[in-house]
Every structure is written in structure tokens, then in C-alpha cells.
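Take a look at the protein below.

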Amino acid sequence: MEIALLLSKEHPTLPLAEVEAVLECEGIKYHLKGEQEGFLRLEFPLETPENMSRLIKRLSFTHEVFHIFIDADEDELICKTKEYPWDRIVKSNFAVRVKKLDKKSHFNTSKLEWEMGAIIKSKVDSDIRVNLDDPSIFIRTVMVDGKSFVGQKIGQISKKHFFNLKPHKRPFFYPGSMSPKLARCMVNLTRIKRGQSLLDPFCGTGGILIEAGIIGSRVIGTDIDYKMVKGSIENLQHCGIHDYQVFQEDARKLKLPNKVDAIVTDPPYGISASTRGEKSQDLYQQSMQSLQGLLKDNGIMCLATPHYLDLDDVLEGTKFKIIEQHHIRMHKSLTRVISVLAKI
């Protein structure tokens, strides 16, 4: 079965990296069929509804997933649509939606939706109607690089979740908190599985812990500031996360009874109250020495740092190795670097 994913264009590399990480940790076998900006095609030899459900529930930088029926050159689209046995697929009310991912297509999207809808309607039971508001069957057409891909939508990543859990909408808020979408992505990049343990040693308001908890991880959070600890607990409870431990501790001195499967964190930058006056470089170096002893062998850490921090220097003398990095431009003077580190 060939599946297409409409990826977010918010970042050039994170969406694909997240998809690959989730497929790996969920043990879903696949073959890469094609990749363009914002569009990914994968073939699944052992695809099941359960596999697709697990994939869709975890992703953040993906918009939509659909099963491809027709793969044709743009000029062949109408002919292929007329030839397809739509009565096997469309058993109830439906809608057709077209998305152009570049400016090469000569089709008018509204006209094409109407034309394809009319073709499909002529091929199915006369009682079946077009329903543009809330269709039972959603037929997606994507135009990209002179090609057209038609299929049935099987899942959509909830924008509502990430909107409702924006930092300022949670009970406890503190400026500079990470967006829930990026927090979820960072959690996914560690390849953590349901039921495994994840630590955020600079948990702040608990955004990373919330996203890890939602996908089924056992979460542990610490912060040197008790106000953050209290606020993080309040936010976790608000989001229905129950399997957590959150307590006050300095990440440089942190000890746990058991090692964790993954670490995801966004340490404070610069000199501030949250670092107790410690410079970022010193704080990071001392923390990495401590955290490597808390992570299981072959475990993964996902770390957010400012571009001006020399991460190679920070990691010198530790067992951490950088396996991938993604750069996010925040504003003119700051780029945030998302680094995936393996403990070797």
C-alpha cells in the first residue's frame, strides 16, 4: 500500500526526520517512494489500520495522511479518474479536494474538484451525494512537479490539540516556553516507545513532559526553581497526565533510582534567575556530565540550544555523540539548534 503524507512547511528538515523517527520506534516497515517539499510518499508492505493510527497519533509536523489510488502525469489525471473503479471505494457521501504544492500545475483547483466529483458520482450508486461540509469519504488530490496523486484521506493531525495547549493557554505560564508542536517533535526524535521513561531535567512549565505523557511515556521532570516545579505539576494535571514524577533539583546533581530511556530538554539560555547566575556554557557542560549517567546505554537525548553555544565543546569528555541537527531561525539574532544525541 502506498501512503502519502502532507508535511508542514514550517521547517525544511524536521517534518521528515520526525516521520522517520516515529516509524522506526513503532517498528513499522516502509520504503521511501518519493519526497518533495511538503510531500512524502511511502510504501508499506505490511500496512495495517493499527500501524497508521499509531503513526498519525504521534506526529506533529504533518498535516494529513492519505492512501494513494492514482499516480499519474498531470495530463493523464482526468482519463485515469474516469477509468478508476470508484464504486469499490465510495460507498457513502464524499468530497474531493485538490491541493497544488507548486506553481507548475495548469489546473484550476475549484474546476478540477467539480470535474472529478462529477466523474466519481457517475461511477457510484445514485443515492450517494457530494458532501463538502462533513464527508464520510474524503478524496484528496495533490499536484506536484507535473504529477498528480489521488487517494482517500485516512487521517489528519489535530491542529486543535496544539492550539489548545499553547503555553499561554495552560494554567501556569512563563515567557519563553516551547511550543507544544516542537516539544512533541523533540520527544518523537528520541524514538521513545509507549511505556518507556523520559526525563526533562530543565522542565520549566512542563511542555515537553505533557507531550511525552500524551503519547504514553512515563515522565520525570526536575527544575532548580520550585515555582516551575509547582507550575509544571499543575499543567500536567490539567492535561490529564497522571504517570509523572516532578521535583525540585539541580540538573548538575540529579540522581535517579533507575536510568531513563530518553532525555528531552530545553535548558535556559544566558545568565538568569533560572540558572542561578550560572553561564550557559558552564551549566551545559556540568549538566551533560551528570545526565550521561542517568540515560540508558544506546539511549537518545534531544536537546535545544542557542546557535552560539559550542555543543562539541560542551559534549567533550562525555559519551554523547551528535547524530542529527536541525536549525530553527527564531529571529535575526537567534537560531535555535535541535540536536539529537546518542549515548555510545
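## A helix and a pocket

Just after α6, R191 has a positive phi of about 65°. This is a predicted model. Confidence is given as pLDDT: the protein chain averages 94, and 97% of the residues score at least 70. One stretch falls below that. Over residues 271–275, pLDDT stays under 50. For those residues the model has 9 contacts beyond four places in sequence.

Now back to α6. Is this helix enclosed or open? Of its 10 residues, 9 are buried, so α6 is largely enclosed by the rest of the structure. Here, buried means under 20% relative accessible area. Among the buried residues are P180, L182, A183, R184 and C185. M186, V187, N188 and L189 are buried too.

Next comes the second largest pocket. Rolling a probe the size of a water molecule over the atoms shows where empty space is left. This pocket holds about 360 Å³ of space. It is lined by 22 residues, and the closest to its centre are E10, F61, S179, K181 and L182.

By type, the lining divides into 9 nonpolar, 7 polar and 6 charged residues.

Conventions. Residues numbered from 1 in each chain as written. Predicted model: local features only at pLDDT ≥ 70, side-chain atom pairs only at ≥ 80, totals over all residues. Heavy atoms only, no water. pLDDT = per-residue confidence, 0-100. Contact = heavy atoms within 4.5 Å. 1 Å grid on protein atoms, 1.4 Å probe; cavity = no way out; pocket = protein on both sides within 12 Å on 5 of 7 lines; lining within 4 Å. Points joined across faces, edges and corners; volume = space filled by probe spheres on them. Nonpolar A, V, L, I, M, F, W, Y, C, P; charged D, E, K, R; others polar. Buried < 20%, exposed > 50% of the residue type's maximum accessible area, 1.4 Å probe, protein only. Helix = DSSP H or I, 4+ residues; strand = E, 2+ residues; numbered from the N terminus.
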